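Open the model in your viewer and keep the selection tool ready. The stops follow below.

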Amino acid sequence: MMPLPAAAPNQDGMRGLRSQPVRLAVFTDYVYHQRGRELYAERAFALFLARLGEHLDRLTLVGRLAPERAQATYRLPPEVRFVPLPYYPSLGRPLDGIRALRGAMRRFWGALDDVDGVWLLGPHPFTIPFVAIAALRGKRVILGVRQDFPSYLRGRHPDRPILRLIGFVLEVAHRLLARRFAIVAVGPDLARRYRRARRVLEINVSLVERRDVINPGLENTRSCEGELRLISVGRLESEKNPLLLAEVLSRLTDDGRPWRLLVCGEGPMRDALDARLRDLGLADCAELRGYVPFGEGLLDLYRNSHALLHVSWTEGLPQVLIEAFATATPVVATDVGGVREAVQGAALLVPPGDAQAAAVAVRAVVDDHELRERLVQGGHRYALAHTAEAETRRLAEFLQEVLR
């Protein structure tokens, strides 16, 4: 474990949450990097966890430590502790995970020395042994779920039925464990799937702070004359269906207007998307920006776009929707997971995989002023209700109740 000082008292009125000490360890199957005494994360979700740590007496992250000095964008606060697990490249190679399990169990045992409870996000092969270890150590367990795991595996590994079977078994195991433990579910769809859990908290993962939410009236400053900018934010993986972006852009440009697609994301399908854009003669109408970290730069890209297009095959509740809502950017998204139930009225929803429907919807949010205004106003209300401050406070209150 990397010893670091305990968190300083928070100045945002959170002292009331600390009627008793709350020391939490969080396991996610993420990769972290250490540079000297500084800890970096590859994924923006770690920022949400760090914000949660402001409401706790101590936060300990448990995850894979990258062996190489690779790029990692998000520097975490020094008060966040870290327990490194053995590194394996991906659970897409199950034997690598099995080889790492023994060392992971040993280190997880040590991580429980000075915590009150653990939050285990899954489904994941390590979750079951980690629950057993926590029980042996007399620690409280809270589970977590962020996505429809079987659907995720079907989208990412359509040609690997054994891996999908393993995923189904892990999903069943996670649901059975939830009968015994409390669970935190991202979005209404997952909360409903886990409704038989001992206790359920539905949350949004939001990185947007209150100060990031702009006046919805500023949307009127976007001129729809000249170039029309469409932004997509997310990983370029098969389950995110990035090739559909090229098909939508092709249909949009049929009307003769100057459309530009801005793709913020990286992943194994980047080259395939680039090739498809070239095949369609659209290379000059699109920019593949690569990964753009969450922050002012990304929010500026939203503010300078006419719409966000989200085309994933499967989702819990994507945090990019809240980012667009906060910047008064109209949203067109696929009707998957918990999206409809959560944000109906704040986004225009289309069937997954339907390029024509997506193109029609994008044109509508650009051309129909009343529709744009209605979506932007609904998104503004949603973003204000689901800021990072609000969501981490609710989560901290729930965790403290369970740990008590």
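Select strand 7 and strand 8 (residues 182-186): four bridges join the two, and they run parallel. Strands and helices here are DSSP runs, numbered from the N terminus, with at least two residues (E) for a strand and at least four (H or I) for a helix. Two strands pair if DSSP finds at least two bridges between them. Pick V145; its bridge partner in strand 8 is A185.

This is a predicted model: local features need pLDDT of at least 70, side-chain atom pairs count only at pLDDT 80 or more, and totals for chains, interfaces and linings use all residues. Residues are numbered from 1 along each chain as its sequence is written, and side-chain values use heavy atoms, without hydrogens and water.

G117 stands opposite R140.

Now colour strand 7 (residues 140-145) by burial. Five of its six residues are buried, so strand 7 is largely enclosed by the rest of the structure. Buried means under 20% relative accessible area, exposed over 50%, partly exposed in between (1.4 Å probe, protein chains only).

Move to helix 5 (residues 161-178) and select F168. F168 is partly exposed, at 48% relative accessible area.

Last, the cysteines. The whole structure has zero disulfides, a disulfide being a pair of cysteine sulfur atoms within 2.5 Å. Select C264: the nearest cysteine sulfur, that of C285, is 17 Å away. C264 is buried at 3%; C285 is partly exposed at 21%.
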